[in-house]
Every structure is written in C-alpha cells, then in structure tokens.
Amino acid sequence: MEPIEEWTNGRHRVAELTAGISGDEAGRPVPACPDWTVRELLAHMIGLNADVLAGDEPDDHNQEWTQAQVDRRADRTVAGLLAEWRELAGPMRQWMRENNTRPLGDLLIHEQDLRGALGVSGGQEAAGLAALREDFAERFRAAVREQPPIRLDGDGWQWTSQGPAEAAAVVVEAGTFDLTRALMSRRSPGQLRSWTTRGDVGPYLAGFASLGDLPDRDLTE
C-alpha cells in the first residue's frame, strides 16, 4: 500500500463521483455527517487540505475548525470546489512526502460518507481502506482491553481483540466492508446487534464510537 498513491486515487474517485451531480444531489444531507450536505462535506474535505498546507491542523480536528472550512466556502459550487482541489493536489502530495499521510484517512472515510448520501458504491476494495481498517482495529482493541475477548468475522478477514479466536465471548459477523465502516463509527448500534452471533455487543459499543457517537439510523454505502 502506497499511501500517497492511495490518496491520489481516492481524490480522483471523489472528483468523478461528484463532478456531474445536480444541485439537488449537492444539497442532500449526508447520513453519516448529518450536519452537512454533500456540497458541505466536499467543502470540508478540500478545506482540510488547504488548512494542512497552511500549517493549521489541530490534533483533534475539532468541530469549530472543520465548520470554518465549510463556512469559508459557502458560496462555492461543486465545480468551484473541485477546481480548488485540483490546485491543491500537487502541493498536498509533496506535503505528505515531507510530513505524514494522515490526510488519507479523512479522504477515504468521507469518500464512503459521500457515496452513502449519493447512493453510488465504489472504492470498497481500496488498499488504503484496508490499511485504515487495521489502524482502527488497534484503536478498538485499546478501547475494549478491559472487556472479554470479542471477534469480528468478515468475508476473508477475521480479527480478535485478545487470545485465541475460538475463545471470544462475543462474535460479530458481517461483510468485511461493513465491519470496516463499523470500526470507523459508521454503523448503528442496531446494525451491530443484528450482526452479533455470540454474546452481547452492548458493552463494546463505546469502543466502536472512536470518531463520535454512533449513528442513530442504519447506514449503508
């Protein structure tokens, strides 16, 4: 997995996804980011790049910082936002070579948020998303370390918080992509409960909420 190449590929996918959308589609609320529309989420994604290049990136990516990115671009069309992103792309690649590839995570998570809002699937097999899943699985492990072992069973991917897989007290079975999104706080408590085939996932829900409260409605992309 080459992170900068994955970022570049993800940017191209998002640009292709959004370039031809209608005004109504641009104004759709994003179920995974309910405070924002499609256009506003795109404004955040591009604004984050601009702020990173300007040396303005708080560790917590707090709400005030992200909302300011949206507000500064309130009068821009989707086409205008994508034009700004094209100008930022080269400098962002260079910045990541010289610093870190943290912006990749924001891009790939929000790509799927946009796809959920627009009803267009894609990018689910991206190598960057698989690498991000492993990072979030480690966050989850740390969050549930005091709990009995839990196992996540996907299609071709299995993960256990501790000990042998067969000894897990709780088992959650779903598609690997759904489990990936669950680890990124993009699946509801109801979905997680419906996928639980052993034990009670309830005590582990807070561990899945690493990026904020879990959604109060079921999400799909």
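This is a predicted model: local features need pLDDT of at least 70, side-chain atom pairs count only at pLDDT 80 or more; totals for chains, interfaces and linings use all residues.
The residues lining the second largest pocket divide into 4 nonpolar, 3 polar and 3 charged. The pocket has a volume of about 160 Å³. Its lining consists of Gln 124, Glu 125, Ala 126, Leu 129, Ala 130, Arg 133, Asp 155, Thr 176, Phe 177 and Thr 180. H7 and helix H8 (176–183) each contribute at least two of the lining residues.

That brings me to the helix pair. The axes of H7 and H8 come within 9 Å and cross at roughly 50°; the two helices are therefore oblique to each other. Their crossing is left-handed. On the H7 side, the contact is made by Leu 129, Arg 133, Phe 136, Ala 137 and Phe 140, and on the H8 side by Thr 176, Phe 177, Thr 180 and Leu 183. By class, these contact residues comprise 6 nonpolar, 2 polar and 1 charged.

I turn now to the largest pocket, which holds about 1,200 Å³ of space. Its lining comprises 41 residues, and those nearest the centre are Asp 106, Ile 109, His 110, Arg 186 and Leu 211. Two or more lining residues come from each of strand E2 (33–37), helix H3 (38–53), helix H4 (63–71), helix H6 (103–118) and helix H7 (127–143). Which element gives the most to this lining? It is H6, with 7 residues. The lining of the largest pocket divides into 18 nonpolar, 12 polar and 11 charged residues.

Definitions and conventions:
Residues are numbered from 1 along each chain as its sequence is written. Side-chain values use heavy atoms; hydrogens and water are left out. On a 1 Å grid over the protein atoms alone, a cavity is a set of points where a 1.4 Å probe fits but cannot get out, and a pocket is an open set with protein on both sides within 12 Å along at least five of seven lines; lining residues have an atom within 4 Å of a point. Grid points are joined across faces, edges and corners, and a volume is the space filled by probe spheres set on the points. Helices (H or I, at least four residues) and strands (E, at least two) are DSSP runs, numbered from the N terminus. Ala, Val, Leu, Ile, Met, Phe, Trp, Tyr, Cys and Pro count as nonpolar, Asp, Glu, Lys and Arg as charged, and the others, Gly among them, as polar. Axes are lines fitted to C-alpha atoms, for helices over the stretch in contact, and angles run from 0 to 180 degrees between N-to-C directions. Angles under 35 degrees count as roughly parallel, over 145 as roughly antiparallel, 65 to 115 as roughly perpendicular and the rest as oblique. A crossing is left-handed if the near helix is turned anticlockwise from the far one by less than a right angle, and right-handed if clockwise. Contact means heavy atoms within 4.5 Å.
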